[in-house]
Amino acid sequence: MDALPQATPPAEAFARLDALMARGAAFFGTRYAIMGGAMSWVSERNLVAALSNAGAFGVIACGAMEPDRLAQEIAGTQALTEKPFGVNLITMHPRLDQLVQTCLDHKVGHIVFAGGIPPGAAIKAAKDGGAKVVCFAPALALAKKLIRSGADALVIEGAEAGGHIGPVSLTVLAQEILPFIREVPVFVAGGIGRGEAILSYLEMGAAGAQLGTRFVCATESIAHPNFKRAFIRGAARDALPTVQLDERFPVIPVRALQNEGTKRFLEHQAATIRRFLAGEVEKAAAQLDIEHYWAGALRRAVIDGDVENGSLMAGQSVGMVTREQPAVEIVQELITQAAAAIAARQAA
Ligand SMILES: Cc1cc2nc3c(=O)[nH]c(=O)nc-3n(C[C@H](O)[C@H](O)[C@H](O)COP(=O)(O)O)c2cc1C
């Protein structure tokens, strides 16, 4: 569904938006302060280059890639764009240090550390090698600590986001963090699907926004047509966090579209817990059994198109994905929506 049709906003509205985005855009060296959130399997050379060519900041999702595979992906992206892009590294990757070095060897300007607080040594190595470091801050105290450790920018990601999530919404994180951090640019993520929302966070002090779900159905995204169709059909209420059946067996919260796989995960947890209670399996083995359920599931959905049993990680913004569109069109839509909101206010 689209909002009311609007005339093209006047140049002053775009200029005001440019001013609000200036710090974030300067940090990345891009036209707009919009980051393409790294999405494992989805954020590879084609989508990343398309986003960077569209004036946003594309970010390669390294995920579980080994250093030589990452090197190929960086080189492949560089072949498709001359614009800046970044690489997202998961901090628990066993070869984190080598992955940082791979980025530096290939002159990647920005390294995003995700999936936990990065080791100080990794931050230092990245910075000593000339890269800028971006970290996820799940709370104000950690935001301050990360800045002391050398983070050049922060992302605050609310629970509305797709993929692995924390417990707090972006609405609350933004209030808890944005007014208190001025030292480095802070980018907001989670549940953002329209330009008006980006504008509101810029006005609260954000330097820019990171969007993932909204870019899955970019024409350039290599996600399987079945995966894209699930996003086009999906509504906000379908993108739910994983349910944990028993607090003795913690489950990592992941927001995803519900399917057969999510239903069967509940049954799998129940059956594993029953086996544990019957003394048939040790606690640690039962925990591992639960954790292993989703192994390889995102790849199965994104690449193989198995949208029934694979993982359909998606943010609540999925309802705002209505069709396949070129990345440049999505970026321009976001920018025009934000500028139109500025213009509407000026006209009032
Ligand atoms: C399919 C999918 C895979 C993702 N994989 C990663 C990842 O590998 N690393 C990461 O830091 N974030 C990952 N994310 C989170 C995104 O980078 C981004 O922060 C999030 O999508 C923002 O919320 P939104 O989806 O509501 O726009 C993923 C999100 C999705 C939807």
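Reader: What does the secondary structure of the chain come to?

Author: In this predicted model, the chain comes to 13 helices and 12 strands.

Reader: What makes the chain as compact as a globular protein of that length?

Author: The radius of gyration is 20 Å, and the globule rule gives 20 Å for 348 residues; the two values are close, so the chain is as compact as a globular protein of that length. Along the principal axes, the C-alpha atoms fill a box of roughly 70 × 50 × 40 Å.

Reader: Why is threonine 30 called buried?

Author: The term buried applies under 20% relative accessible area. Threonine 30 has a relative accessible area of 13%, and is therefore buried. Buried residues make up 51% of the 348 residues in the chain.

Reader: Where is threonine 30 found, and which residues does threonine 30 touch beyond those up to four places away in sequence?

Author: Threonine 30 lies in the loop between helix H1 (11–28) and strand S1 (34–36). Leaving aside residues up to four places away in sequence, threonine 30 touches Ala25, Gly55, Ala56, Phe57 and Pro84; a contact requires heavy atoms within 4.5 Å.

Reader: How far apart in space are threonine 30 and leucine 277?

Author: Their C-alpha atoms are 56 Å apart, and 247 residues separate threonine 30 and leucine 277 in sequence.

Key:
Residues numbered from 1 in each chain as written. Predicted model: local features only at pLDDT ≥ 70, side-chain atom pairs only at ≥ 80, totals over all residues. Heavy atoms only, no water. Helix = DSSP H or I, 4+ residues; strand = E, 2+ residues; numbered from the N terminus. Rg over C-alpha atoms; globule rule 2.2 N^0.38 Å. Buried < 20%, exposed > 50% of the residue type's maximum accessible area, 1.4 Å probe, protein only.
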